Structures are given as C-alpha cells and as structure tokens.
Amino acid sequence: MVVFEHPLTASSWQYIPQLVNFRWTHHECRADGCSLGVKDPVSGMPMLKPWRIVSNSQQFVDYFQVRCTRDHQHVQCLNNRPKATENYTAKFVKRVCDFVLSHHQGGERSGKCNRQAVLDQVDKA
C-alpha cells in the first residue's frame, strides 16, 4: 500500500509533476486536522488544517476520510502555527495503525501481532 499526505491547498499538488500524476491515477480523500486532534499549541483550540491523502488503496482513503463536525470553532492556521503542528497527532497515528492492523492481519508479514497492544503503545507515545 502506498499513501501520501500533504496539506489540502499546498501548491505542490498542482506544480510537482510526480504528485499531479500520482493524484490523478490514485484514490484520494480529505481529512480535517481538528477531527484528528490537531490543536493550536498556544490556545489549545482545534485547527481545521485539512490534508489531502492519496493512496493506491480505496479502502484506506474511505477509512481515512474524516471531516470536521462543525460543532466547534477553529484557530486559523497562520504565522508559526503550521510549524508547531507539523507532527502527526496520536489520533492520526492511531487511525493509520488501526487500518493497517485490521486490514493486514492475515498477511504474510503480520505474524501474531496484538492489535490492541500496538494501539495502546500509540496512546502512550
């Protein structure tokens, strides 16, 4: 499985030929950062910070399509705020792990992985 994420409105989606080709030949979804735990490091308020996620797996993009519930206000993603939120949140990582572990348990390399133990480790990180 191949997955690529980048901010939804990044110019790279339009101007880097490899990304343009990858985007138009694969599946994509939008994931809103506030639904995945992205918060302003100063105020603690949610940040919308939408990502475009492109993958060769339709199942992955279907699973990862999470949108803002619109039941809260957002802090704008301006000034140094994007830099402070460039790392993945625990919710983001847990969602990726949950997908991989639930969809690839029977794979040749999966061994006897304890899905809950892995997800618990993400929570501790």
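At 13% relative accessibility, Cys68 counts as buried, where buried denotes a relative accessible area under 20%, exposed over 50%, and partly exposed the range in between, computed with a 1.4 Å probe on protein chains only. The model is predicted, and local features therefore require pLDDT of at least 70, while side-chain atom pairs count only at pLDDT 80 or more and totals for chains, interfaces and linings use all residues. Residues are numbered from 1 along each chain as its sequence is written, and side-chain values use heavy atoms, with hydrogens and water left out.

Cys29 is likewise buried, at a relative accessible area of 6%. The structure holds zero disulfides, a disulfide being a pair of cysteine sulfur atoms within 2.5 Å. Cys68 accordingly takes part in no disulfide, and the nearest cysteine sulfur, which belongs to Cys34, is 3.6 Å away.

Turning to the aromatic residues, the count comes to seven aromatic pairs, under the rule that rings of Phe, Tyr and Trp (its six-membered ring) pair if their centres lie within 6.5 Å, with planes under 30 degrees apart taken as stacked, over 60 as edge-to-face and the rest as tilted. The ring centres of Trp51 and Phe92 are 4.9 Å apart and their planes stand at 65°, so this pair is edge-to-face. The pair links distant parts of the chain, with Trp51 in strand S3 (residues 50–55) and Phe92 in helix H5 (residues 90–103), 41 residues apart; helices (H or I, at least four residues) and strands (E, at least two) are DSSP runs numbered from the N terminus. Both Trp51 and Phe92 are buried, the relative accessibility of Phe92 being 6%. Phe92 also pairs with Tyr88, and because the centres of these rings are 4.3 Å apart and their planes at 10°, the pair is stacked. Tyr88 itself is partly exposed, at 43% relative accessibility. One aromatic cluster is formed by Trp51, Phe60, Tyr63, Phe64, Tyr88, Phe92 and Phe99.

The charged end of Arg95 sits over the ring of Tyr63, 4.4 Å from its centre, and that of Arg52 sits over the ring of Trp13 at 5.4 Å from the centre; the criterion is that NZ of Lys or CZ of Arg is within 6 Å of the ring centre and within 35 degrees of the ring normal.

Thr89 lies in the loop between helix H4 (81–84) and H5 and is buried, with a relative accessible area of 16%. Its side chain reaches the backbone nitrogen of Phe92 at 3.1 Å. When neighbours within four places in sequence are left aside, Thr89 is in contact (heavy atoms within 4.5 Å) with Leu36, Gly37 and Val38.

Methods
A polar contact is a pair of N or O atoms within 3.5 Å; within protein, one must be able to donate a hydrogen and the other to accept it, and residues adjacent in sequence count only if both atoms are side-chain atoms.
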